[in-house]
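Here are a few notes to read with the model open beside you. Take them one point at a time and find each spot as you go.

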Amino acid sequence: MTEYQLIEADDTVLRDGTIKLHGPDGFEGMRRAGRLAAEILDEIAPMVQPGVSTAAIDDKVREMTLAGGAVPATMGYRGYAHSCCISINHVVCHGIPSEKTLKDGDIVNIDVTPLLDGWHGDSSRMYLVGDVPLKARRLVDVTYECLMIGIDKAKPGARLGDIGAAIQAYAEQNRYGVVREFCGHGVGRLFHDAPEVVHAGREGTGPELRPGMFFTIEPMINLGKPPVKMLADGWTAVTRDKSLSAQFEHSIGITEDGCEIFTLSPKGLHKPPYA
Ligand code: MF3
Ligand code: CO
Ligand code: CO
């Protein structure tokens, strides 16, 4: 049995496993936070070049986040000390910015979460560094399609499992592996809230989607097999078989007749190439 909780924007933030149903104030808050996330992802696109360090990109993300009147929600989150996550090639997610530089042929995910006036805009995109082999570009394209196929299923009356089922079917048609260890999540005044949005599963299962539900969809798709391995730093997740991995993420809200994507690119930079 799923429980739902109707909340107003200024209600106490409860972490009790219920799925929150937000009103107009929530939509407005998420629209603003989501737009800032998308603007940051737009703005850093030209910076993603061979030779740039991931720390330099992280600095730019922090500057833009603060200039937008927000703070990076990742800073201080469970001890994480950076403004975004930057995951290169076989890194699945939560790559830590460092002095390491990008090189020609890399594929890179940049995941930002500005916290603006109490609302979390959580989004990530893939970027191509220089000349990227066709095999890797194809993985990036299919991963973007996985996200959008999942979003297509997000409407009132559907079940949460319909989203993962559609993503899994499309990824596996393309002979890719869907990561199971990390999920999308409820989002809003909390960074990570109920429900868990798994990117694989069975149609017709899970809670029914209702207007006012906010969550992310963020499929991680591997060129090889699904399993991941954690590195000793406690954050970096990599593919166990060292194959390439890609991810895109949007924060969305269920509306009366479908869903609203809060983190759409104002510049139309939905997927690479961005030039
Ligand atoms: N933005 C990530 C997500 O999509 C979470 C990053 S948490 C961090 O849920 F601590 F690793 F930054
Ligand atoms: Co997320
Ligand atoms: Co994210």
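**Notes on the ligand and metal sites**

1. Start with ligand 1, which has 14 residues around it; the closest are Thr74, His185, His192, Glu218 and Glu249. Keep in mind that this is a predicted model.

2. An oxygen atom of the ligand sits 2.7 Å from a side-chain N or O atom of histidine 192. On its own ligand 1 would expose 340 Å², and the protein buries 97% of that.

3. Which residues coordinate the cobalt ion (ligand 2)? They are Asp122 (OD), His185 (NE2), Glu218 (OE) and Glu249 (OE), at 2.0 to 2.2 Å.

4. The cobalt ion (ligand 2) has six donor atoms with angles of 52 to 160° among them, and its site is irregular.

5. The cobalt ion (ligand 3) lies 3.3 Å from the cobalt ion (ligand 2), and aspartate 122 coordinates both.

6. Finally, trace the chain. The donor residues of the cobalt ion (ligand 2) follow the spacing D-x62-H-x32-E-x30-E. Histidine 185 is in strand β11 (residues 184-186), while glutamate 249 is in the loop between β17 (245-247) and β18 (250-254), so this pair, 64 residues apart, links distant parts of the chain. Both histidine 185 and glutamate 249 are buried.

Conventions: Residues are numbered from 1 along each chain as its sequence is written. Chains are lettered from A and ligands numbered from 1 in the order in which they are written. This is a predicted model: local features need pLDDT of at least 70, side-chain atom pairs count only at pLDDT 80 or more; totals for chains, interfaces and linings use all residues. Side-chain values use heavy atoms; hydrogens and water are left out. Donors are N, O and S atoms within 2.8 Å of the metal (3.2 Å for Na, K and Ca); water is not among the atoms, so sites may look incomplete. Four donors count as tetrahedral if all angles lie between 85 and 135 degrees; four count as square planar and six as octahedral if opposite donors are over 155 degrees apart and all others between 65 and 115; anything else is irregular. Helices (H or I, at least four residues) and strands (E, at least two) are DSSP runs, numbered from the N terminus. Buried means under 20% relative accessible area, exposed over 50%, partly exposed in between (1.4 Å probe, protein chains only). A residue is near a molecule or strand if one of its heavy atoms lies within 4 Å of it. A polar contact is a pair of N or O atoms within 3.5 Å; within protein, one must be able to donate a hydrogen and the other to accept it, and residues adjacent in sequence count only if both atoms are side-chain atoms. Accessible areas come from the Shrake-Rupley method with a 1.4 Å probe; for residues, only the protein chains shown count as cover.
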